[in-house]
Protein chains: 2
Amino acid sequence: MTSQLVAGIEPPYYTAVFTSVRPDAPEGYAETAERMSELVSEIPGFLGYEVARSPGGIGITVAYFRDLEALDAWRLHAEHQAAKAYGREHWYDSYSVHIGKVERSYSFERE
Amino acid sequence: MTSQLVAGIEPPYYTAVFTSVRPDAPEGYAETAERMSELVSEIPGFLGYEVARSPGGIGITVAYFRDLEALDAWRLHAEHQAAKAYGREHWYDSYSVHIGKVERSYSFERE
């Protein structure tokens with residue numbers, strides 16, 4: 001888990017917001033998450049991701065992509081699709097995915 | 001903190017993704033967050049929000065709005081602007097805001 005934000009992306013770009021409810025640390029989750037992190041980094045046009053999870057609460061992952069082609073390449077990746085199917089079966093109580101085009105963004109960094 | 005996802009919004013709609021790094025539980029933060037939650041709920045076209053924060057790590061808030069007018073009404077709300085200015089001065093090490101238009105979304109709920 002990093003505490004670095006993905007910053008300084010010039011619009012337009014795409015976000016995939018993944019919000020989920022699941023038990024803390026289900027079996028097999030950490031290994032799959034690590035593997036997905038490796039795989040998504042290989043997608044051309046992938047710009048980074050951030051993840052936060054409140055203990056006992058909601059988890060939110062935001063992944064950033066240069067364009068819809070990059071986002072779809074990840075969405076349709078065979079090993080990613082298999083992991084999602086496994087997650088629906090074994091890990092998640094519920095989740096939502098929101099795919100949006102970012103036209104405006106701004107950042108703040110303490111000097 | 002709720003464990004309910006905001007689900008079932010029909011596209012198109014807008015998301016404001018707010019990612020931040022700050023110390024855990026800074027002074028005055030909880031009260032202001034509670035007040036902002038009340039205020040944003042009064043904005044016509046506000047559809048809900050979700051928040052997650054990894055202890056010692058990144059926090060992510062995603063707020064959902066029916067259209068850009070609703071989002072801008074919140075963005076430009078005087079008390080919200082004052083809270084943001086206070087947060088930059090006192091709470092946040094860094095943050096980013098990504099404003100996007102959602103054209104596709106899907107949800108999963110375990111039966």
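In strand S4 of chain B, the residue that bridges to A:Arg104 is B:Ile99. Strands here, like helices, are DSSP runs numbered from the N terminus, with at least two residues (E) for a strand and at least four (H or I) for a helix. Two strands count as paired if DSSP finds at least two bridges between them. The model is a predicted one, so local features need pLDDT of at least 70 and side-chain atom pairs count only at pLDDT 80 or more, while totals for chains, interfaces and linings use all residues. Residues are numbered from 1 along each chain as its sequence is written, chains are lettered from A and ligands numbered from 1 in the order in which they are written, and side-chain values use heavy atoms, with hydrogens and water left out.

That first pair belongs to a longer run. S4(A) and strand S4 of chain B (residues 94–109) run antiparallel and are joined by 15 bridges. Along this run, A:Val102 has B:Gly100 as its bridge partner, and A:Phe108 sits opposite B:Tyr95.

Now for the two chains as a pair. In general, two copies of a chain are related by a rotation about an axis and a shift along it.

How many residues of chain A are in contact with chain B? The count is 52 residues of chain A, in contact with 52 residues of chain B, where contact means heavy atoms within 4.5 Å. Between them the chains bury about 4,100 Å², and 54% of that is on carbon and sulfur atoms. Buried area is the accessible area (1.4 Å probe) that two parts lose on being put together, summed over both. Of the area that chain A buries against chain B, 18% is supplied by A:Arg104, A:Tyr106 and A:Phe108, more than by any other three residues.

On the polar side, 27 residue pairs are in polar contact across the interface of chain A and chain B, both residues being at pLDDT 80 or more. A polar contact is a pair of N or O atoms within 3.5 Å; within protein, one must be able to donate a hydrogen and the other to accept it, and residues adjacent in sequence count only if both atoms are side-chain atoms. Which elements of chain A each supply at least two residues of the side that touches chain B? They are strand S1 (13–21), strand S2 (46–53), strand S3 (58–65), helix H2 (68–75), helix H3 (78–90) and strand S4 (94–109). S4(A) gives the largest share of that side, 16 residues. By type, the residues of this side of chain A are 23 nonpolar, 17 polar and twelve charged. Ala, Val, Leu, Ile, Met, Phe, Trp, Tyr, Cys and Pro count as nonpolar, Asp, Glu, Lys and Arg as charged, and the others, Gly among them, as polar.

Two salt bridges cross this interface, a salt bridge being a side-chain nitrogen of Lys or Arg within 4 Å of a carboxyl oxygen of Asp or Glu. A:Asp72 and B:Arg104 meet in a salt bridge through their side chains, at 2.9 Å from N to O. Over all chains the count is ten. One of these salt bridges joins the side chains of A:Glu38 and A:Arg35 (3.4 Å, N to O). These two are three residues apart in helix H1 of chain A, so about one helical turn separates them.

S1(A) and S4(A) are antiparallel over nine bridges, with A:Phe18 opposite A:Val97. In chain B, S1(B) and S4(B) likewise pair antiparallel over nine bridges, and B:Phe18 has B:Val97 as its bridge partner. Elsewhere in chain B, strands S2 (residues 46–53) and S3 (residues 58–65) run antiparallel, joined by seven bridges. B:Ala52 stands opposite B:Ile60 there. Four residues lie between the strands of this hairpin, in which B:Gly56 takes a positive phi near 75°.

A few backbone details remain. Most residues other than glycine have a negative phi, and most peptide bonds are trans. A:Ala25, not a glycine, has a positive phi of about 50°, and is placed in the loop between S1 and helix H1 (29–41) of chain A. The peptide bond from A:Pro11 to A:Pro12 is cis, with omega near 0°, and A:Pro12 is in the segment before S1 of chain A.
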